[in-house]
Amino acid sequence: MDPMDIIGKTKEDASLPKATMTKIIKEMLHPDVRVARDTQDLLIDCCFINLVSSKSNEVCSKEDRKTIAPEHVLKALQVLGFGEYIEDVYAAYEQHKLETMVLVFQT
């Protein structure tokens with residue numbers, strides 16, 4: 001694979017930072033579960049999130065934007081052939097917005 005495969009940027013530049021990916025992995029697991037560092041690296045390198053974040057970044061860049069917005073992620077899913085999941089992803093996004101607002105108002 002060409003290291004400059006995403007609009008003139010290295011793979012690392014176009015995906016989520018490793019620390020963010022590690023945090024996501026840890027948050028998804030039960031607190032008692034530990035993941036070896038090499039396993040985390042494997043998940044990060046092969047992860048679906050990496051694919052979607054890279055394509056979202058590409059969509060964002062084509063629109064001359066610097067911040068990936070939810071619509072960029074939805075478009076990336078469509079481009080990658082995951083269009084049947086867009087409705088569910090959008091519903092999860094809307095639910096997340098509601099839950100975030102409730103947390104803000106509770107503090």
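Helices (H or I, at least four residues) and strands (E, at least two) are taken here as DSSP runs, numbered from the N terminus. The model is a predicted one, in which local features need pLDDT of at least 70 and side-chain atom pairs count only at pLDDT 80 or more, while totals for chains, interfaces and linings use all residues. Residues are numbered from 1 along each chain as its sequence is written, and side-chain values use heavy atoms, with hydrogens and water left out.

On these terms the chain contains six helices and zero strands, giving the pattern α-α-α-α-α-α along the sequence. Of its 107 residues, 22% count as buried, where buried means under 20% relative accessible area, exposed over 50%, and partly exposed in between (1.4 Å probe, protein chains only).

Thr20 and Ile44 are 24 residues apart in sequence, and their C-alpha atoms are 9.9 Å apart in space. Because Lys23 and Glu27 are four residues apart in helix 2, about one helical turn separates them. Glu27 is exposed at 54% relative accessibility, and Lys23 is exposed at 52%.

The loop between helix 2 (18-28) and helix 3 (37-46) holds Leu29, which is partly exposed at 32% relative accessibility. Together with Met28 and Val33, Leu29 forms a nonpolar surface patch with about 290 Å² of accessible area. Patches are made of residues with over 30% relative accessible area and no salt bridge, like charges being joined within 9 Å and nonpolar side chains (Val, Leu, Ile, Met, Phe, Trp, Tyr) within 5 Å. The areas come from the Shrake-Rupley method with a 1.4 Å probe, and for residues only the protein chains shown count as cover.

Helix 4 (residues 48-62) has 15 residues and reaches 21 Å from its first C-alpha to its last, close to the 21 Å expected at 1.5 Å a residue; the expected span is 1.5 Å times one less than the number of residues. Buried residues of helix 4 include Asn50, Val52, Val59 and Cys60. Glu58 is also buried, at 17% relative accessible area, whereas its salt-bridge partner Lys62, with closest N and O atoms 3.4 Å apart, is exposed at 61%. In the loop between helix 4 and helix 5, Asp64 has a positive phi of about 55° although it is not a glycine. Asp64 is exposed, with a relative accessible area of 71%.

Being three residues apart, Glu94 and Lys97 are separated by about one helical turn. Elsewhere, salt bridges that share partners join Lys55, Glu58 and Lys62 into one network. Four salt bridges are found in the whole structure.

The second largest pocket holds about 320 Å³ of space. Helix 5 (70-79) and helix 6 (86-106) each supply at least two of its lining residues, and the largest share, five residues, comes from helix 6. Among the lining residues are Ile68, Pro70, Leu74, Tyr90 and His96. On a 1 Å grid over the protein atoms alone, a pocket is an open set of points with protein on both sides within 12 Å along at least five of seven lines, and lining residues have an atom within 4 Å of a point.

Note on methods: A salt bridge is a side-chain nitrogen of Lys or Arg within 4 Å of a carboxyl oxygen of Asp or Glu. On a 1 Å grid over the protein atoms alone, a cavity is a set of points where a 1.4 Å probe fits but cannot get out, and a pocket is an open set with protein on both sides within 12 Å along at least five of seven lines; lining residues have an atom within 4 Å of a point. Grid points are joined across faces, edges and corners, and a volume is the space filled by probe spheres set on the points.
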